[in-house]
Amino acid sequence: MSPGVLALRTVRSVRSIVDAKLAVRGLAYPWWIPVVSAVGEIIAVLVSLAQRDALLPPQAIATTLLLVLAGQAIPFTYPTRLGCWFDAPLVLGATAWLLANPVHVAGPADTAPVLLMILAAVVTGRDGVVPGLVVYVLSLVVLVVAGGTGDLSSTGLYALEVDLGLAVGFMLRWQMHQLTAEREARAGERTRATLAERERIAREIHDLVAHSLSVTLLHLAGARHALRDGDVPDALDALDDAERIGRAAMADIRRTVSSMTADPTPTRPLPGVADIAGLVADFRAAGLDVRYDAAGDSTALPSGAGLGLYRIVQEALSNVAKHAPGSTASVRLDLRPREGRLSVRNSLDGSRHRTGPGGSGVPGMTARATGLGATIMVGPDGDGWLVDVRLPLAGESGCTLRRIAT
């Protein structure tokens, strides 16, 4: 195995261990931050020992390196969580031991207080502000005691180093909280978007199935009556229409379900207000007595609004076919410059539309209208049943109106 491959595997192994420990502690830091802090403490100890001529040959004070190594290694190998109560005393004790021995060589300032700076940053960022303040105060006590014995000069400068460590740890802690909050917010948004998409697809499938079944049942009822009267050609035509509606519904369901996949197959455009006339014609061909009137320019209507109005008409007529198949119905769409109004009205052939719990037709229509920013009223209206939708539109007063009647 080449040295490069071995080094890469070592880095990956260290990263996996550090990530696992960070996850146990609920920390969102990158793996390299604790590694850098650990390496920094080890380098600080080695330089401090070199400043005291304690490395070669090793002296008793060199044991401080083992204390720091233990404070870094054991928390990452212990199976449960270890907090600041374990490594902080070891690092504080090692620093106090180093400061109790004066520097023997001339050169830069003593490196031992760097251990206190790194410790304050690590404990504050890892365990919280309160443990960090405790470590900060203990670090100042160590510096003051070392300065009082005369073995440490520039105590105030070293105290500023500890202040810097506390500030760095606080910033890391604050950034981690912000990152965690952002991740939770994004996860919540994804969850809400997923639920909204599921509800939308459920409404689409419900509308498609309800429409196709209602029209198919009307055709089958017509075929049964035709066969009872001995009119075989009319019965066959009704069965052909039922098959056509069923196949079209299957294609629409496949198209709707394919929108949930990562690689949907090409499909035809979704229906809009221009397709309402064909929808009414399907119900009429199935035996439902329904009339359609439309006024206004539908080309300026957004596709989403057109699909919503189409689905509301589809659900309303399906309810008529299901609950009052012998009644007469009328659909009217009036698109004015500032408001669009859709109304589906039918007479009651001795029956009443179901209004109790258990159905999803009225809630589905209400959800679609709400999604469009429209208001909807569904309920009895004199001797009939009315679905009335009012949709605010942002148009110009000079738009062209045209009238359609079927």
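pLDDT is the predictor's confidence in each residue, from 0 to 100. Helices (H or I, at least four residues) and strands (E, at least two) are DSSP runs, numbered from the N terminus. The structure here is a predicted model, so local features need pLDDT of at least 70 and side-chain atom pairs count only at pLDDT 80 or more, while totals for chains, interfaces and linings use all residues. Residues are numbered from 1 along each chain as its sequence is written, and side-chain values use heavy atoms, with hydrogens and water left out.

On confidence, the chain averages a pLDDT of 81, with 84% of its residues at 70 or more.

Helix α10 (residues 303-323) runs for 21 residues and reaches 30 Å from its first C-alpha to its last, close to the 30 Å expected at 1.5 Å a residue (the expected span being 1.5 Å times one less than the number of residues). Most of α10 is covered, with 17 of its 21 residues buried (buried is under 20% relative accessible area, exposed over 50%, partly exposed in between, with a 1.4 Å probe and protein chains only).

As for open space, the second largest pocket has a volume of about 440 Å³. A pocket, on a 1 Å grid over the protein atoms alone, is an open set of points where a 1.4 Å probe fits, with protein on both sides within 12 Å along at least five of seven lines; lining residues have an atom within 4 Å of a point. Here 24 residues make up the lining, and Ile33, Pro34, Ser37, Ala121 and Val122 lie nearest the centre. Two or more lining residues come from each of α1 (3-24), α2 (32-51), α3 (63-77), α5 and α7 (155-228).

Ser343 sits in strand β3 (residues 339-347) and counts as buried because its relative accessibility is 16%. Leaving out residues up to four places away in sequence, Ser343 touches Ser330, Val331, Arg332, Leu386, Val387 and Asp388. Ala109, in the loop between α4 (84-99) and α5, is partly exposed at 47% relative accessible area. Tyr158 is 49 residues from Ala109 along the chain, yet their C-alpha atoms are separated by 9.5 Å.

Technical notes:
Grid points are joined across faces, edges and corners, and a volume is the space filled by probe spheres set on the points. Contact means heavy atoms within 4.5 Å.
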